[in-house]
Each structure stands twice: as C-alpha cells, then as structure tokens.
Amino acid sequence: MNIVEVEHLKVWDTNTGKVIIHDSSFEVKPGSCMAIVGESGSGKSVTCRAIMRLNKPGIRQSGTMLFQGEDLNQLSEPEMRRKRGKHLCMILQNGMSAFDPSCVIGVHIRETLQQHFGWNTREIERKIMNAMESVMLRHPREILNQYPHQLSGGMLQRIMIALALVLEPDLIIADEPTTALDTISQYEVVEQLIQLRERMGCSMMFISHDLGVVQKIADDVMVMKDGSIVERGSMHSVLTEPKHAYTQYLVSTRLELSNHFKALMQEDL
Ligand SMILES: Nc1ncnc2c1ncn2[C@@H]1O[C@H](COP(=O)(O)OP(=O)(O)OP(=O)(O)O)[C@@H](O)[C@H]1O
C-alpha cells in the first residue's frame, strides 16, 4: 500500500475564486522520497500544506488524500492534530517561522513532544539532546536555552531535523528546507535528511526548485507548473528522458549550471 495516495486534489481560494491546484493525482511509495519541483508559484507548497491540512482558512480543498489508507480530507480537526507531528511532520523553508519567537527553543520542543508522548521533562531532554548531537549540533543544552533569532538558519533546520528524529513520523514533508541556506549548509542539511531517512526508514516528500538538490535525495519526482503536474516518474527517467518542454528546460538549465560549475573548478586547478 502506498503511504500517500492523492486523487483529484483541487485547491481554490474562496475569496477570489482562483483555482490554485487544478486536479492533482500522485502517490508516495512506502520508504521512498518523492520530490516536487517547479517554479515559484507553481503550487508545490499549497499541495503539501493540503496534505497537512494547513492551508490558510480562505483556501479550500477537495479530492481524496489517503494517508496509510485513511482519507485525511475526512478527518476532524482534533483527529488531524493528532496526526501532525507524530505521523506527519513538516520541515519548513524558514526555520524562524517554525519556532515561536517569544520563547526559547527548548520550550517549543518540550511542548511539541509533551503533546504527543507521555514523557516527563527529563526523558524529553535526554531524547532531544541525543538527537541534536546526532545532527552535529554541539552544546545542545545551550542551544535549547536560546531564542530562534539567536541561531543561524542552518542550525534551526538541524533542530527541526532533530525534532523529527525524536517524533519518528511515518512521513516527512520538507518544504524547500535548503533554500534559505548558504551552499555549505545546504549540503549539510541534505546529508542530514538523507541520514534521517536511512535511520528511520520513513517516507519523504521533498519540495525544491533546484533539481540538483533533489537529485541527491529523491527516488521519484513530479514537476509542477501553473497548479498542474506536467510530468512525473522515477528521478532517473525524468532526468534522462524529460518529456514535457518545461521539464526539458529544467534539466538543461541544471546541466548548464553544473557544467559552468565544473568549468570554474577547473580554472581554479
Ligand atoms: N494563503 C494564500 N491565499 C491565496 N493564494 C495563495 C495562498 N498561498 C498560496 N497562494 C497562491 O497559490 C499559488 C501557489 O503558491 P505556492 O506557495 O504553492 O507556490 P510554490 O510552487 O510553493 O512557490 P515557491 O517556490 O515560491 O514557494 C500562488 O499563485 C500563490 O499566490
């Protein structure tokens, strides 16, 4: 059974009547990573937030969204809240927006974990500090006592990954987790996400506009344009035989960039 099976997802803005996602159907195989690529505004984030049922109130959705065989669209809000975090976990583009700016990181983490598990404070601290160390965050106790604005974007991404390690969700949705980071932090965060998948065997959806990043982590990919899926398949087949003109453009620009990068590297040698 696929972990996610979306059929005829339609998302629209009730204020303007604008249809944001027209009619999307796709699935995520258990234990696999499915990437969503496409230009800004193509509907990648709205699709993922539809699965989490986290789009803003004026945004409505219809269709079937089976998660482990259960239609998320039919769940009540309290049932959905129980799914989020423990079963479905989202890692956001901007770590700053994921944490409450008015309290130190440790408070937010403790509240999230207490909500889902019956652990006491000491157990929570032990688990989160082990997880933080495993994603190479040194001095975890000090970090837990800092406010989000005192930490770098890369550190906040790692804290979200550490939290996912403790929550052990069945599906992680990473929405452009590396976009706001410099190249070295981007590389490190992708490495941590790859290890996270290996350790937990969880399924993943990975959103990015960067095919180069996606290629490192995804098994399958779907390409979105103007609220529709224009192509999907295995990472290998989409990269080697892109069918849609927009995918061909994405693949050719990725090759151009990597050739340019290689040329620069050779000049340096
Ligand atoms: N809260 C909202 N209210 C109204 N329209 C929205 C809302 N959120 C997103 N949209 C619209 O939905 C469309 C898709 O947005 P979405 O954020 O999913 O794009 P994206 O592909 O993830 O882009 P990016 O790479 O820039 O994040 C855009 O046209 C956007 O204006």
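Predicted model: local features only at pLDDT ≥ 70, side-chain atom pairs only at ≥ 80, totals over all residues.
View 1. Ser-152 is found in the loop between helix H6 (140–144) and helix H7. How far apart in space are Ser-152 and Met-96? Their C-alpha atoms are 9.1 Å apart, although 56 residues separate Ser-152 and Met-96 in sequence.

**View 2. Helices H4 and H7.** This view shows helix H4, residues 105–116, packing with helix H7, residues 153–167. The angle between H4 and H7 is about 25 degrees, and their axes are 11 Å apart. Angles under 35 degrees count as roughly parallel. H4 and H7 are therefore roughly parallel to each other. The crossing of H4 past H7 is right-handed. On the H4 side, the contact is made by Ile-105, Ile-109, Thr-112, Leu-113 and His-116. On the H7 side, Ile-159, Leu-163, Val-166 and Leu-167 take part. How do the residues of the H4 contact with H7 divide? Seven are nonpolar, two are polar and none is charged.

**View 3. Helices H4 and H5.** Here H4 meets helix H5, residues 121–134. The axes of H4 and H5 come within 10 Å and cross at roughly 110 degrees. Angles of 65 to 115 degrees count as roughly perpendicular. H4 and H5 are therefore roughly perpendicular to each other. H4 passes H5 in a right-handed crossing. Which residues make the contact? H4 supplies Ile-109, Arg-110, Leu-113 and Gln-114. H5 supplies Thr-121, Ile-124 and Ile-128. The residues of this contact divide into four nonpolar, two polar and one charged. Ile-109 and Leu-113 of H4 are listed in the contact with H7, and again in the contact with H5.

**View 4. The shell around the ligand.** The ligand is surrounded by 13 residues. The closest are Ser-40, Lys-44, Ser-45, Val-46 and Lys-56. Which helix gives the largest share of the shell? Helix H1, residues 44–52, gives three residues, the largest share. By type, the shell divides into three nonpolar, seven polar and three charged residues.

**View 5. Helix H1 and the residue after it.** The buried residues of H1 are Lys-44, Val-46, Thr-47, Ala-50 and Ile-51. Lys-44 and Val-46 are also among the residues closest to the ligand. Just after H1 comes Arg-53, with a positive phi of about 55 degrees.

**View 6. Asn-73, between a strand and a helix.** Asn-73 lies in the loop between strand S5 (70–71) and helix H2 (77–83). Is Asn-73 buried, exposed or partly exposed? Asn-73 has 18 C-beta neighbours inside 10 Å, so Asn-73 counts as partly exposed. Leaving aside neighbours within four places in sequence, Asn-73 is in contact with Gln-61, Gly-63, Thr-64 and Met-65. Cys-103 is 30 residues from Asn-73 in sequence and 33 Å away in space, C-alpha to C-alpha.

**View 7. Met-1, ahead of strand S1.** Met-1 sits in the segment before strand S1 (4–13). Met-1 has 9 other C-beta atoms within 10 Å, so Met-1 is exposed. Lys-29 is 28 residues from Met-1 in sequence. In space, the C-alpha atoms of Met-1 and Lys-29 are 7.6 Å apart.

Conventions. Residues numbered from 1 in each chain as written. Axes fitted to C-alpha atoms, helices over the stretch in contact; angles between N-to-C directions. Helix = DSSP H or I, 4+ residues; strand = E, 2+ residues; numbered from the N terminus. Parallel < 35°, antiparallel > 145°, perpendicular 65-115°, else oblique. Left-handed = near helix turned anticlockwise from the far one by under 90°. Contact = placed C-beta atoms within 7 Å. Nonpolar A, V, L, I, M, F, W, Y, C, P; charged D, E, K, R; others polar. Near = placed C-beta within 6 Å. Buried ≥ 20, exposed ≤ 12 C-beta atoms within 10 Å, placed from the backbone.
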